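Please look over the sequence and the structure shown below, and keep both in view while you read the report that follows.

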Amino acid sequence: MPRIKYSILLLSLICFKSFAQTNIYSDLSGKVTNKGEGVADVHVLNTTQKRATITNADGEFQITVFVNDTLFFSSIQLQNKSLIISEAMLKSGYIIVPIGEFVNELDEVILMPFNLTGDLSRDMNQMKTEKVVVASTLGLPNAYVKPITQAERKLNEATTGGGLIPLNPLMNAISGRTKYLKKVLAYQEKYARTNRVRDFYADSLFVKNLGIPEEKIEDFMYFCEVDSSFDSVVDTRDRLRIWEYLKKRSDQYLEVLKEN
């Protein structure tokens, strides 16, 4: 009889220890990355415990998990990914989850009557195109000369006396017209740079990634325009460099908003 009781007690201890090991839980923190960068707005679902959260602007998240729970990561721009939580992951308290970009591969479609497949290398070889006749293909002089704007033309007339009605450069300088036209031209060039930046990046990036309120984007762009390095950075047309510049200026802009 004592031997039976001892066996039952030993079996109970083994079962309790096994149950305790498989029911270790904690708040697990982590970061979802793509090409080394954190990804925002990724849904993180604990499909075992029916819990869910979403990554912040830096791709970080926190969720309660047990050992052997399954985490499911879902996002429009990324591939879906499942991850089973091990005891080692839980004890570490922090995990990095790299996920590849989602590529939507479509079946080949033939567009009639031109028999286009969507593969440019194939379509260009089978299509018959007529020769393009423009100034550059004809070898005409000044074929690559960029047309001047109205502001540039007016400034040229004011300083050289060109145009249908010759103007005296000296009189324009004394009256201030030349100075005024230079300001107009500078403003147009600055405005063109700002529009170029706005075309590069969607408004949602300013809001989500830079923290700029949507109604303050125009004000933020003016804040950038008055900076002495704005022109040189935008003229590089390097989108990565321009974005780094905008991130730096956004921190300064948000500080100004707090002070006001």
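Ser 250 has its place in helix H10, where helices (H or I, at least four residues) and strands (E, at least two) are DSSP runs, numbered from the N terminus. This is a predicted model, in which local features need pLDDT of at least 70 and side-chain atom pairs count only at pLDDT 80 or more, while totals for chains, interfaces and linings use all residues. Residues are numbered from 1 along each chain as its sequence is written, and side-chain values use heavy atoms, with hydrogens and water left out.

Is Ser 250 buried or exposed? Because its relative accessible area is 2%, Ser 250 counts as buried; the term buried means under 20% relative accessible area, exposed means over 50%, and partly exposed lies in between (1.4 Å probe, protein chains only). When its neighbours within four places in sequence are left aside, Ser 250 is in contact with Leu 210, Ile 212 and Phe 220, contact meaning heavy atoms within 4.5 Å.

## Helices H8 and H10

Two packed helices are described by the angle between their axes and the distance between the axes. The axes of helix H8 (residues 217-225) and helix H10 (residues 239-259) come within 10 Å and cross at roughly 110 degrees, which means that H8 is roughly perpendicular to H10. Here axes are lines fitted to C-alpha atoms, for helices over the stretch in contact, and angles run from 0 to 180 degrees between N-to-C directions; angles under 35 degrees count as roughly parallel, over 145 as roughly antiparallel, 65 to 115 as roughly perpendicular and the rest as oblique.

Which residues of H8 meet H10? They are Asp 219, Phe 220, Phe 223 and Cys 224, and in H10 they meet Tyr 245, Leu 246, Arg 249, Ser 250, Gln 252, Tyr 253 and Val 256.

## Strand E3 and its sheet

In an open sheet, 4 strands follow the order E4-E3-E6-E7, with antiparallel pairing; two strands pair if DSSP finds at least two bridges between them. The edge strands are E4 and strand E7 (81-84), each of which pairs on one side only, and the twist averages 20 degrees from one strand to the next.

Strand E3 (residues 43-46) pairs with strand E4 (residues 51-54) in the antiparallel sense over 4 bridges, with Asn 46 opposite Arg 51 in E4. These two strands form a hairpin with 4 residues between them, and Lys 50 in the turn has a positive phi of about 60 degrees. E3 is also joined by 4 bridges to strand E6 (residues 70-74), again antiparallel, with Val 44 opposite Phe 73 and Leu 45 opposite Phe 72. In a regular strand the side chains alternate between the two faces of the sheet. In E3, Val 44 and Asn 46 make up a covered face, whereas His 43 and Leu 45 make up an uncovered one.

Gln 77 lies in the loop between E6 and E7, and because its relative accessibility is 40%, Gln 77 counts as partly exposed. Gln 77 and Glu 101 are 24 residues apart in sequence and 6.1 Å apart in space, C-alpha to C-alpha. Leaving aside neighbours within four places in sequence, Gln 77 is in contact with Val 39, Ala 40, Glu 101 and Phe 102.
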